[in-house]
Amino acid sequence: MRFLRRLDTEFPGDIPLHLIMDNYGTHKHAKVKAWLKRHPRFVSHFVPTSSSWMNLVERWFGHLSNKAIRRGVFRSVTDLQAAIEAFLRAWNHDPKPFVWTATVESIQAKLTRCRRILEQIKPGCTSLKSRKKKK
């Protein structure tokens, strides 16, 4: 809630704010749902858990952590911010895009292997189940 209120304060007006979220449960809390309903300019987009796109974003933050933060000594928040900003300047000077190289076939093969293993562990767990309709 604190993060949403901060965004609302720092980006005033009617401009839509698009929130990209993974499928973690935070956004399902009753207070968050009610707040988002009262603030329709906040548009939620959900990516599947462990999605390739989100993995690339997390990988970039891993680079930031490994090259600018880990094993660093920061005597203040200002020092930490300076290290992050220096990393960003260097990165933006010579950016290297993250490219998703997986093929549809390799992803399908991985899913098939996963399903096979899951079925060995718990037979029937990968079968499609009908969803209960909301009342």
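**Close-up 1. Residues lining the second largest pocket of the predicted model**. In this model, which is predicted, the second largest pocket is lined by Ser52, Trp100, Ala102, Ser106, Ile107, Lys110 and Leu111. Helix H5, which covers residues 104-121, provides the largest share of this lining, with four residues. Sorted by class, the lining of the second largest pocket holds four nonpolar residues, two polar residues and one charged residue, and the volume of this pocket comes to about 180 Å³.

**Close-up 2. The largest pocket and the elements that line it**. The space in the largest pocket amounts to about 290 Å³, and its lining is made up of 13 residues, among which Phe3, Leu4, Leu19, Met21 and Thr26 lie nearest the centre of the pocket. At least two residues of the lining come from each of helix H1 (2-10), strand S1 (17-21) and helix H2 (30-38), and of the contributions to this lining that of S1 is the most, at four residues. Nine of the lining residues of the largest pocket are nonpolar, while three are polar and one is charged.

**Close-up 3. The packing of helix H1 with helix H2**. Two packed helices are described by the angle between their axes and the distance between the axes. For H1 and H2 the angle is about 20 degrees, and the axes lie 11 Å apart. Because angles under 35 degrees count as roughly parallel, H1 and H2 are described as roughly parallel to each other. The crossing in which H1 passes H2 is left-handed, and the residues that make the contact are Leu4, Arg5 and Asp8 on the side of H1, together with Val32, Trp35 and Leu36 on the side of H2. Within this contact of H1 with H2, four residues are nonpolar and two are charged, with no polar residues.

**Close-up 4. The crossing of helix H3 and helix H4**. Helix H3 (residues 52-69) and helix H4 (residues 77-93) cross at roughly 120 degrees, and their axes come within 10 Å. The two helices, H3 and H4, are therefore oblique to each other, and H3 passes H4 in a crossing that is right-handed. From H3, the residues Trp60, His63, Leu64, Lys67, Ala68 and Ile69 meet Leu80, Ala83, Ile84, Phe87, Leu88 and Trp91 from H4. By class, the contact of H3 with H4 is made up of 10 nonpolar residues, one polar residue and one charged residue.

Technical notes:
Residues are numbered from 1 along each chain as its sequence is written. This is a predicted model: local features need pLDDT of at least 70, side-chain atom pairs count only at pLDDT 80 or more; totals for chains, interfaces and linings use all residues. Side-chain values use heavy atoms; hydrogens and water are left out. On a 1 Å grid over the protein atoms alone, a cavity is a set of points where a 1.4 Å probe fits but cannot get out, and a pocket is an open set with protein on both sides within 12 Å along at least five of seven lines; lining residues have an atom within 4 Å of a point. Grid points are joined across faces, edges and corners, and a volume is the space filled by probe spheres set on the points. Ala, Val, Leu, Ile, Met, Phe, Trp, Tyr, Cys and Pro count as nonpolar, Asp, Glu, Lys and Arg as charged, and the others, Gly among them, as polar. Axes are lines fitted to C-alpha atoms, for helices over the stretch in contact, and angles run from 0 to 180 degrees between N-to-C directions. Angles under 35 degrees count as roughly parallel, over 145 as roughly antiparallel, 65 to 115 as roughly perpendicular and the rest as oblique. A crossing is left-handed if the near helix is turned anticlockwise from the far one by less than a right angle, and right-handed if clockwise. Contact means heavy atoms within 4.5 Å.
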